[in-house]
Amino acid sequence: MASPKYVLITATDTNVGKTWTSVALATALTKAGRRVVGIKPVETGTSEAPSEGEDGVKLAKATAQASPAHALYRFRAQVSAALAAEEEEAHIDWKSLVAQVKKAAAGTEVALVEGVGGLLTPMTWEHGALDLAKELGAKAIVAALDKLGTINHTLLTVDELEHNGVEVLGIILSEPERSDESTRTNADALRRMRPGLKVFMVPRLMNPDEGTEYVAELAALI
């Protein structure tokens, strides 16, 4: 059986649509008949027991997968994973984490791996989502908000990925809760500055199941 295609869902920051993107893509790919697994390696800000509101749980439900049913590592504090683990006197073994991701992806066609925070937010003090993408040979999708400042943040994220040999499939640019004068201008600006960069605009949708049409073209690239 062929190895799965790994796709890292990363972001310019936290709370910019990463989980929405991951769930919408997982739903679209599953509906298209692809064998998909959604993996959240690390999650912070969790409850004591896995709950419906956790990103890892939402991702698992989108594909109806039995395992993993939640993030591989879960921490209570709403801080970077490296610090959250430290505060709980826990240790994330990087080699074990990579091995768990590969084990979860075995036998599937596509493995969607959702990062934590922005691209360079540390999972351990030595490693983050970028390192995971490199180890898995993953391609990347970047989530960002369509607001002032996103041009800089998005291009920095794209450049860091590409500089490290990670192909960027596209950008999901979501409508912010509060629009500003730049909203609906940023997608064109990004395309003009990086010809060939695929930028997909998504309206503010609370339910990712409603948004599969907005990620269908991106899903077809996977």
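I take buried to mean under 20% relative accessible area, exposed to mean over 50%, and partly exposed to mean anything in between. I looked up D188 with this in hand: its relative accessibility is 42%, so D188 counts as partly exposed. The model I am reading is a predicted one.

**Entry 1: D188.** I placed D188 in helix α7, which runs over residues 186–193.

**Entry 2: the whole protein.** I counted 8 helices and 8 strands. The C-alpha trace spans about 45 × 40 × 35 Å along the principal axes. I asked how the radius of gyration fits a compact globule. For 222 residues such a globule would have a value near 17 Å, and the protein has 16 Å, which agrees. I noted that buried residues make up 52% of the 222 residues. I also looked at contacts between residues at least 6 apart in sequence, and 78% of these join residues at least 24 apart.

**Entry 3: surface and charge.** The protein exposes about 10,700 Å², and carbon and sulfur atoms supply 49% of that area. I found 23 positive and 30 negative side chains. The centres of these two sets lie 6 Å apart.

**Entry 4: strand β2.** I looked at residues 36–39, which form β2, and found both faces of the strand covered. V36 and G38 are buried on one side, and V37 and I39 are buried on the other. Which strand pairs with β2 in the parallel sense? I found β5, residues 110–114, joined to β2 over 4 bridges. Within β5, A111 stands opposite V37.

**Entry 5: backbone exceptions.** I kept in mind that most residues other than glycine have a negative phi, and that most peptide bonds are trans. I looked for departures from this.

- The peptide bond from S67 to P68 is cis, with omega near -10 degrees. I located P68 in the loop between α2 (55–63) and β4 (73–74).
- A64 has a positive phi of about 60 degrees and is not a glycine. I found A64 in the loop between α2 and β4. Its relative accessibility is 69%, so A64 counts as exposed.
- N15, also a residue other than glycine, has a positive phi near 60 degrees. I placed N15 in the loop between β1 (5–11) and α1 (18–31). At 70% relative accessibility, N15 counts as exposed.

Note on methods. Residues numbered from 1 in each chain as written. Predicted model: local features only at pLDDT ≥ 70, side-chain atom pairs only at ≥ 80, totals over all residues. Heavy atoms only, no water. Helix = DSSP H or I, 4+ residues; strand = E, 2+ residues; numbered from the N terminus. Rg over C-alpha atoms; globule rule 2.2 N^0.38 Å. Buried < 20%, exposed > 50% of the residue type's maximum accessible area, 1.4 Å probe, protein only. Contact = heavy atoms within 4.5 Å. Areas by Shrake-Rupley, 256 points an atom, 1.4 Å probe, with all protein chains shown as cover. Lys, Arg positive; Asp, Glu negative; His and termini not counted. Charge placed at Lys NZ, Arg CZ, Asp CG, Glu CD. Pairing = 2+ DSSP bridges.
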